[in-house]
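Hi,

Here is the structure I promised to pass on.

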Amino acid sequence: MSDPGTLTLVAAPIGNLSDITPRAIEVLTAATHIACEDTRVTGKLLSKLNIENSGKLISYREQNENYMASEIADRMQAGEDIALIADAGTPAISDPGFRLVRECRKRGLKVTTAPGVSAVITALSLSGLPSDAFLYVGFLAPKSAARKRFFEAQQDSEYTVIIYESCHRIGKFLNDLVATLGPDRCISVCRELTKLHETVHTGPAGEVRDRVAKGSQKGEFVVCIAKAGFEL
């Protein structure tokens, strides 16, 4: 009987393809199978990297990860080495992956990583806001009332809060933030990180909201909210 295989979490570029690491390419090339969020997206990435992917891709997404986590772990116990990659960024960070890693930990299977870019850390480092302590919460609930309750809880926050938001809701998101935390709360709004049209707006929330409203609202957004009392 063969030894169990390894699960490697592979960080994918969040925009600029050059951000893929040599180790990530090695892992993707050598893996028995590649579990991915969208086979079409990952297929295009592998094609650009000149990595043969015929028969290697396994669909592992939010809609099927409950049962696929067990199936993939079974493959590993049979000796397969699995690479897990998200469409962008690091698996398990607001992307599928947690359940598979948990299943591997429960079974005592080896899990490692080929680390790389993460929009959370990229945005925080570019923001100019305090980075000694931060809270990452992913996407907030889409309803305005729920967003405002969350913002109210951060009135006296002692750390920077990092949130993802879609292009469809960023305007309402910033309106709710200003209405709850006030126009003077220092924030940073990052859009299309590492891509051609990357933008970072940092300053008082009211001013940043107006700047964002005047520019393109296409793409992915990361919002950082400074701790209470912070000024640039």
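Which strands does helix H8 lie across, and at about what angle does it run to S9? Helix H8 (residues 205–214) lies across S8, S9 and strand S10 (221–225), running at about 150 degrees to S9. Axes here are lines fitted to C-alpha atoms, for helices over the stretch in contact (heavy atoms within 4.5 Å), and angles run from 0 to 180 degrees between N-to-C directions.

Before the rest, some housekeeping. This is a predicted model, where local features need pLDDT of at least 70 and side-chain atom pairs count only at pLDDT 80 or more, while totals for chains, interfaces and linings use all residues. Residues are numbered from 1 along each chain as its sequence is written, and side-chain values use heavy atoms, with hydrogens and water left out.

Overall, the protein has eight helices and ten strands; these are DSSP runs (helices H or I, at least four residues; strands E, at least two), numbered from the N terminus. The C-alpha trace spans about 65 × 35 × 30 Å along its principal axes. Of the 232 residues, 47% count as buried (under 20% relative accessible area; exposed is over 50%, partly exposed in between, with a 1.4 Å probe and protein chains only).

S8 and S9 belong to an open sheet of five strands in the order S6-S7-S10-S8-S9, with mixed pairing (two strands pair if DSSP finds at least two bridges between them). Strand S6 (134–139) and strand S9 (199–204) stand at the edges with a single partner strand each, so one side of each has no neighbour in the sheet. From one strand to the next, the twist averages 15 degrees. Strand S8 (residues 186–191) pairs with S9 in the antiparallel sense over six bridges, and Ser188 stands opposite Thr202 in S9.

The other bit I looked at is helix H2 (residues 39–48), where Thr42, Gly43, Leu45 and Leu46 are buried. Seen down the axis of H2, the buried residues fall within an arc of 160 degrees (taken from the directions from the helix axis to the C-beta atoms), so they line one face of the helix. They pack against helix H1 (22–30) and strands S2 (33–36), S3 (57–59) and S4 (82–85).

As for the ends of H2, Asp38 caps the N-terminal one, with a side-chain oxygen 2.8 Å from the backbone nitrogen of Arg40. After H2 comes Asn50, whose phi is positive, near 60 degrees.

Cheers

How values were computed: Polar contact = N/O pair within 3.5 Å; in protein donor to acceptor, adjacent residues only side chain to side chain.
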